[in-house]
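These notebook entries record what I looked up in the structure.

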Amino acid sequence: MDFLQLGSYTFSSHLILGTGKFSSATVMLEAVRASGAQLVTVALRRFNRDQPADDLFSPLRAVPGITLMPNTSGASTAAEAVRAANIARELSGSPFIKVEIHPNPQHLMPDPIETFEACRILAKEGFLVMPYIAADPVLAKRLEEVGCASVMPLGSAIGSGQGLATVEMLNIIIRESNIPVIVDAGLRSPSEAALAMEMGCGAVLVNSAVAVSDNPPAMAEAFAEAVSAGRKAFKAGLMSKSSLAIATSPLTAFLGAKV
Amino acid sequence: MTSLPDWLTYNRDSATLAAMLDSSLSTSLESLATESRDLTLRRFGRTMTLYAPLYLSNFCSSGCAYCGFASDRKTPRRRLEPDELRRELSAMKQLGITDILLLTGERTHNADFDYLLRSVDIAAHEMQRISVESFPMSIKEYRALADSGCTAITIYQETYNRERYENLHRWGPKKDFIERLETPARALEGGMKTVGLGVLLGLSDPREDALNLYRHVRYLGRTYWRAGISVSFPRLRPQTGGYEPPFPVDDHSLARMIFAFRIALPDVELVLSTRESAAYRDGMAGLGITRMSIESRTTVGGYHDLDNNEKGQFDVFDDRSAQEFCNAMRAKNIEPVFKNWEPAYNGPADGNSTILHPVKLQPCL
């Protein structure tokens, strides 16, 4: 069996689902079930203990077989993210924390400096730290060094649906990484998720593409199948893409020639 | 007379918006609506974030010709004392509200900065997210508000036409056009995470005001790169004093403006209040607007004192209950979101950053 290993946790599904942006908690739960996801992320700011109808956390906790990964979306500094992570662990009991730090609440671009600092602290505090980052190979290694359970580089801007715009950087991150690389943000179609998995990603995280679809449960299932197919293809080993043309007059004919 | 800032007359990036706002050009309202809907859906999903206004005080020192609380109106004046404020907050919590906008008039000795700060402090213990729409303050005062749990300041320029502005604001501190114009920047320097901008539609040429509003948004975004910015589209409503808007904005023009702003600013929160009708708000949900007020009472004490027949700052148009409003959103496949913030993120935007950047960025025009 091929597992996604995050810290001491293993998951047979390689699809992680985001839970914002859905038209209702009911539709979101149907999509979670249809996706077969075993790890789902939910923003701490969408926890609402006072009002069950507005709360995303409690209905998710009631779904058997899934592990919750709270996220710090809304935090703009390391200090805020660390504070949020501790509240989230207290409320959810989950050791996972998806570190999302956006200095500007509009662009939703992750701040590498604050993210690094928050991850360093949270990993020391025993969290399974899953940082959302720009597709930066050096930052990915720095985060691995401080003990993150994975790195989650963006495929393209959140909610942009531009797919794997960062493919060159993702390939380097995957090649160099000893921890799972999870593409987070930007995926629009199942084929893009399959491609990410074929490239060697450990998992993909999808939210908008499913939530905004006309039929979120069906789209969630389509992503699950694509992720599974992409993963199998990666494990089986893709045929080489190289189609080297051989020059008619060999360029290396001089090698070993008699002098 | 202080001259206008460069950014207000600079049109580097407002040409596209100008074209979209021009109804005589070929871009049809329907094609703008489609583009606006798609962008909104991708970026914000099928959700609508809700908030409610809470009037702390209707004392005022200014004479805005269009306002029901202007200092020459006969409206009874009062302010909420701490116990009344707690009752008001408790009544709002019963409605499910977690995100509130605290309002006062212009600065007076009856409702001054200390009063506002105390009120923010009380509200921050009860609610998840606090914004303030009040008088212009100093950077130091904004920082104190941010420290007490206020995350956003709403401050409308009302109109960017200086001549009209000075005529409409007949007396009082609000008469100073430049002072008002510089206020959002001061709020951000004071560590506010978000500023809400807007023009009061009906006061002046709406196209000119929309373009200047956009320039203001872009200027603030380039200078204060961490800043969240939201844009509101308030249309003048009937109010005490009977002011007739000289530049009425019809439904189609307002829709065009909202779509154009969404396309020009895909990530910015766009706000529509209960000044608009239920049908108009329902129609706009999902097409560009991402934040709406609900259950608005525009009187001081309007939530816990339901027998209050006083006239508010303006007449609310969409007077549906939270439940009715939520049902209408759900029927449109949109989730109403009451809590979309976490107090763990309160505090000045630059206050606890890992590495401080004391250098203020200078816009390159």
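I began with the radius of gyration of chain A in this predicted model. Chain A has 259 residues, for which a compact globule would have a value near 18 Å; I found 20 Å, so the two agree.

I next looked up the extent of chain A along the principal axes. Its C-alpha atoms fill a box of roughly 85 × 40 × 35 Å.

For secondary structure, I noted nine helices and 10 strands in chain A.

I then asked what percentage of the 259 residues in chain A is buried. The buried residues make up 54%.

I turned to the contacts in chain A between residues at least 6 apart in sequence. Of these, 61% join residues at least 24 apart.

I repeated the look-up for chain B. With 365 residues, a compact globule would have a radius of gyration near 21 Å; chain B has 19 Å, and I therefore recorded agreement here as well.

The C-alpha trace of chain B spans about 55 × 50 × 50 Å along its principal axes.

In chain B I noted 13 helices and nine strands.

I looked up burial in chain B as well: of its 365 residues, 53% are buried.

My last entry concerns the contacts in chain B, again between residues at least 6 apart in sequence. I recorded that 78% of them join residues at least 24 apart.

Technical notes:
Residues numbered from 1 in each chain as written. Chains lettered and ligands numbered in written order. Predicted model: local features only at pLDDT ≥ 70, side-chain atom pairs only at ≥ 80, totals over all residues. Helix = DSSP H or I, 4+ residues; strand = E, 2+ residues; numbered from the N terminus. Rg over C-alpha atoms; globule rule 2.2 N^0.38 Å. Buried ≥ 20, exposed ≤ 12 C-beta atoms within 10 Å, placed from the backbone. Contact = placed C-beta atoms within 7 Å.
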